[in-house]
Amino acid sequence: MTILAACAQDPNIHPKWLQGNSNGGAAGTVNITYDYAQGAGNLNFLFVTVENGTATVNTPTDTSGNSYNVVDTIATYDANARIQCWYAPNIAAANAGANTVTVAVNTGTPRVDVIIAEFSGVATSSPLDQF
């Protein structure tokens, strides 16, 4: 079992989930927007599910120019479906509805699903302490 834990910037501050959204069902590319304003220095986290055992998820992008890093572990839950996680630490501030994340795969897949989440109170560098 892999455990993901966020490191707090200050021992008296605990990571806090702020918002999330999901979109999917599309083949190839999914766009999904953060509905509420995003705070500078927060963390974006993505869960990407693809229903194609050979598809590779391209590095996600967003309209705020944040840089996404892949979590090394890819969970396979059946022969043709995989979950991959990505995170962007120390994000740029964005107005409500202004930041759209784009996730694309390198080959045809019948379905791509994406869940996005924003967290505050997380270290701005090396925010994941174990993966």
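**Strand pairing and nonpolar cores in a predicted model**

Strand β1, comprising residues 16-26, is joined to β8 by 9 bridges, and the two strands run antiparallel. Within this pairing, Gly20 lies opposite Ala117 of β8. The structure described here is a predicted model. An antiparallel arrangement is also found between β3 and β8, which pair over 8 bridges; here Phe47 has Ile115 of β8 as its bridge partner.

The largest nonpolar core contains 18 residues, and Leu46, Val48, Val101 and Val114 are those with the most contacts inside it. Two or more residues are contributed to this core by each of β2 (29-34), β3 (43-50), β6 (81-88), β7 (99-104) and β8 (112-120). With residues up to four places away in sequence excluded, Leu46 touches Tyr34, Pro60, Tyr68, Gln84, Cys85, Trp86, Val101, Val103, Ile115 and Ile116.

Confidence was examined for the chain and its elements. The protein chain has a mean pLDDT of 85, with 85% of its residues at 70 or more. Among its elements, the lowest mean pLDDT, 76, belongs to strand β5 (residues 69-78), whereas the highest, 98, belongs to strand β4 (residues 61-62). Over residues 1-5 the pLDDT falls below 50, although this stretch has 12 contacts in the model beyond near neighbours in sequence.

Definitions and conventions: Residues are numbered from 1 along each chain as its sequence is written. This is a predicted model: local features need pLDDT of at least 70, side-chain atom pairs count only at pLDDT 80 or more; totals for chains, interfaces and linings use all residues. Side-chain values use heavy atoms; hydrogens and water are left out. A nonpolar core is a set of buried Ala, Val, Leu, Ile, Met, Phe, Trp, Tyr and Cys residues joined through side-chain atoms within 4.5 Å. Buried means under 20% relative accessible area, exposed over 50%, partly exposed in between (1.4 Å probe, protein chains only). Helices (H or I, at least four residues) and strands (E, at least two) are DSSP runs, numbered from the N terminus. Contact means heavy atoms within 4.5 Å. Two strands pair if DSSP finds at least two bridges between them. pLDDT is the predictor's confidence in each residue, from 0 to 100.
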